[in-house]
Amino acid sequence: MKLRHIPFIILAVIILTLMTATFVEKSTDTDTVMRLFYGSWWFIALWASLVVSGGMLLVSEKVWRKPATMLLYCAFVLILVGALVTHLWGMQGVTHLRMGEKQTTFVDTETDRQTNFPFEVSLKAFEVKNYPGTSSPMDYHSTIEIADGDRRQELHVAMNAIGEYRGYRFYQAGYDNDEQGATLAISHDPWGIGITYTGYGLLFLSMLLLMVLPREGFRLMLSRKAATILALMLALPALRAATPHTLAEAEARQLGDLYIYYNGRICPLQTMAKDLTTKLCGHQSFKGYTAEQVLSGWMLFPTDWIEEPIIKVKGAVARHLGIEGKYASYSEFHRDNGYLLDDVLYEIHSGAHVDNARDFLEADEKMNIIRMVLNGELLKLFPCRTSDGITWYTPADPLPADMEKGKWMFTKRSLDYLSELAWTNQQQAAADVIGKIKTYQTKEAAGMLPGEKLFKAEKLYNSLEQTRTAAMILLTIGLLACVAYTRAWISRRRVNRFVGIAANTVVALALVYLLSVMCLRGYVSGHLPFSNGFETMQFMSLASLLITLVLQRRFMLAMPFGLLLAGMTLLVAMMGGSNPQLTPLMPVLASPLLSLHVCIIMLGYALLVFIMLNGLTAIILNLSNRRKHKAQSEQQIGQLTRISQLLLYPAAFCLAAGIFIGAIWANQSWGRYWGWDPKEVWALITLLVYAVGFHAKHLAWLRRPMGFHVYMVLAFLTILMTYFGVNFFLGGMHAYA
């Protein structure tokens, strides 16, 4: 065994240990796994030996001549040192405070022992902020006072606001049912966090330098043609069964044409209807009903719709409700003994561990939104002009005392009258009432409403935005093209002319569609459409299609791969847009770090899918290799190898950046940057497995093109396990992700 093999043997042992630990945790518990694996002396020794052996290998190869590679190693060492400092000297704990009582200790969650604060802590005030009109918590705030000798200091602690004093960090973790007490998580790690964050900073810097410095591996691999390719890639960063009553489609469309004050802006009611329908069932329509018809059904025919199974729920929620399938009705959340989620929600908000807690919170959010629609609390349809400007009201709001009686009656009673007309099937009279509401809006809010062009543009965008359909079409055509183009590639023939024209037509139509909806979205929002995960995934799909058109003449398989990648990124966008936010997010989930974390990791996954498809193509080519075409086949496999090796750099860097951005978010929100949750562990496993792919210099089998491709295909299994396997088999805090 040679020196250069030792780090990889140790790395393989670490990966196998991590895999084993996640399955042991499934059959035992987290404390047992922490004691036997993650917190054990031998596990720490494994990481230390990896650092030492890796450092010796780098020194033997004089890697200090490559500053980016050396910086990457230093970042890796600092992150591990920070984790060790946190493990040895950091403290995680919890304390319970009651209003007016002083607390001088907290429970160390690692040792389960009482530990003294170097000061006194008391709860001065506590407030729960609920969703409007409901009893479900949206956020909760504690005001605590620190008594440190003669010094007094107040700290404000909320779900996404940390209180800090003398190296002790306080996080909101739960509260008492009578709202007179709060549970705070405690973190005391003044050195470990600083060292770890320094490591993260060096990691991001080293990854950037690895991509741009001319003497590093990435730039050395680039030919002039490959550099052009990469620059382009980086620069374009049923028959209706018995159904509930609702308005006819024409009247519902007219209802959607009303103005509403929604999510801090004035927009068509159609926009809220689309978001509501998508939020409840995951689609923009339901059983052939348009989104406007779904909204009008809940507004005007609530007794029908509370029995309709329209609410999409996850498996844990369905089992809790005692139903089969993916959809539940509003009434199925309630029994004679009350709201069926009350008990589990109390456990979650009290800080107890509940499996699939996110699923229950999402289901409860949907129920709260339905209650707000039923009570009229989301329907800010009625503007009122005062000396301070214009305020939009719902029929359920207390109205200004000086409001004219006629306007007061119209605001309070018009929707009730509309409901009466709808129930008695007086469609024309209902249409007249909707028209009067529109007239009232334009008169009262004159000069404050969006322009007619902007209003129509938003309605057009709502009609055109069909991300799910576009994703399914691109994936289907991509799979068919993959078969046709791969057969042509293997047989060394040109692809069928009709197939080529059809594929290019699909790409062109998809480009026009994506460009149209993105321009409309940018015009309506007033900013470039790159502000969140949904928009960036749409742009990535657009960029994939543009790259496909550029590369297809030089690389035949660019067409099917580009279609598949565009479809997959739209699928990611669709998943991000399938749960629109109708009410404010809890602050802990509204962090831009969380969105960035998810978006960057998904981008890395998309690139690794491309690498996996390259690998499968190379394997098929190798298996179908004929002696007389051996040289040509090897040339094609070599081309696939170079493309995959190039893509591996940004793909692995996206994984690393995404993981560590997630760690920063977790530390800001929960008080610890790594919790050894199964999803976290498998994300780390995935990163380590793909990191091996950079070391062909030290591993002879990776220098062989087929060895590299087979490894990349097998490595993709770790992504499948991270994204799907953890959810289905292992569970944990991230089982929803």
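Me: Is phenylalanine 653 buried or exposed?

Reply: This is a predicted model, and in it phenylalanine 653 counts as buried, because its relative accessibility is 12%, which is under the 20% cut-off.

Me: And what about tyrosine 649, buried or exposed?

Reply: Tyrosine 649 counts as buried too, with a relative accessibility of 10%. Its ring and that of phenylalanine 653 form an aromatic pair that is edge-to-face, at 6.0 Å centre to centre and with 80° between the planes.

Me: Which other ring does tyrosine 649 pair with?

Reply: Tyrosine 649 also pairs with phenylalanine 694, with the ring centres 4.8 Å apart and the planes at 65°, so this pair is edge-to-face. Since tyrosine 649 lies in helix α23 while phenylalanine 694 lies in the loop between α24 (678–691) and α25 (700–703), the pair ties together parts that are 45 residues apart in sequence. Phenylalanine 694 itself is partly exposed, at a relative accessible area of 27%.

Me: How many aromatic pairs are there in the whole structure?

Reply: A search of the whole structure finds 31 of these aromatic pairs. There is also an aromatic cluster whose members include Trp42, Trp47, Phe76 and Trp674.

Me: Trp47 and Phe76, then: which helices are they in?

Reply: Trp47 is in α3 and Phe76 is in α4, and both are listed where these two helices meet. On the α3 side the contacts also include Ile44, Leu50 and Leu58, while the α4 side includes Tyr73, Leu80 and His87.

Me: What angle do those helices make?

Reply: The axes of helix α3 (residues 41–60) and helix α4 (residues 67–89) cross at roughly 160° and come within 11 Å. The angle is over 145 degrees, so α3 is roughly antiparallel to α4, and their crossing is left-handed.

Me: How do α13 and α14 pack?

Reply: Helix α13 (residues 342–349) packs against helix α14 (residues 357–374) at an angle of about 120°, with the axes 10 Å apart, and the two are therefore oblique to each other. Their crossing is left-handed, and the residues that meet include Val344 and Ile348 from α13 and Phe360 and Leu361 from α14.

Me: Last topic, the backbone: what is phi of asparagine 425?

Reply: Asparagine 425 has a positive phi of about 60° although it is not a glycine. Most residues other than glycine have a negative phi. Asparagine 425 is found in the loop between α15 (405–423) and α16 (427–444), and it is exposed, with a relative accessible area of 55%.

Me: And where is glutamate 179?

Reply: Glutamate 179 lies in the loop between β7 (168–175) and β8 (181–188). Its phi is positive, near 60°, and the residue is partly exposed, with a relative accessible area of 35%.

Key:
Residues numbered from 1 in each chain as written. Predicted model: local features only at pLDDT ≥ 70, side-chain atom pairs only at ≥ 80, totals over all residues. Heavy atoms only, no water. Phe/Tyr/Trp six-rings, centres within 6.5 Å; stacked < 30°, edge-to-face > 60°. Buried < 20%, exposed > 50% of the residue type's maximum accessible area, 1.4 Å probe, protein only. Helix = DSSP H or I, 4+ residues; strand = E, 2+ residues; numbered from the N terminus. Axes fitted to C-alpha atoms, helices over the stretch in contact; angles between N-to-C directions. Parallel < 35°, antiparallel > 145°, perpendicular 65-115°, else oblique. Left-handed = near helix turned anticlockwise from the far one by under 90°. Contact = heavy atoms within 4.5 Å.
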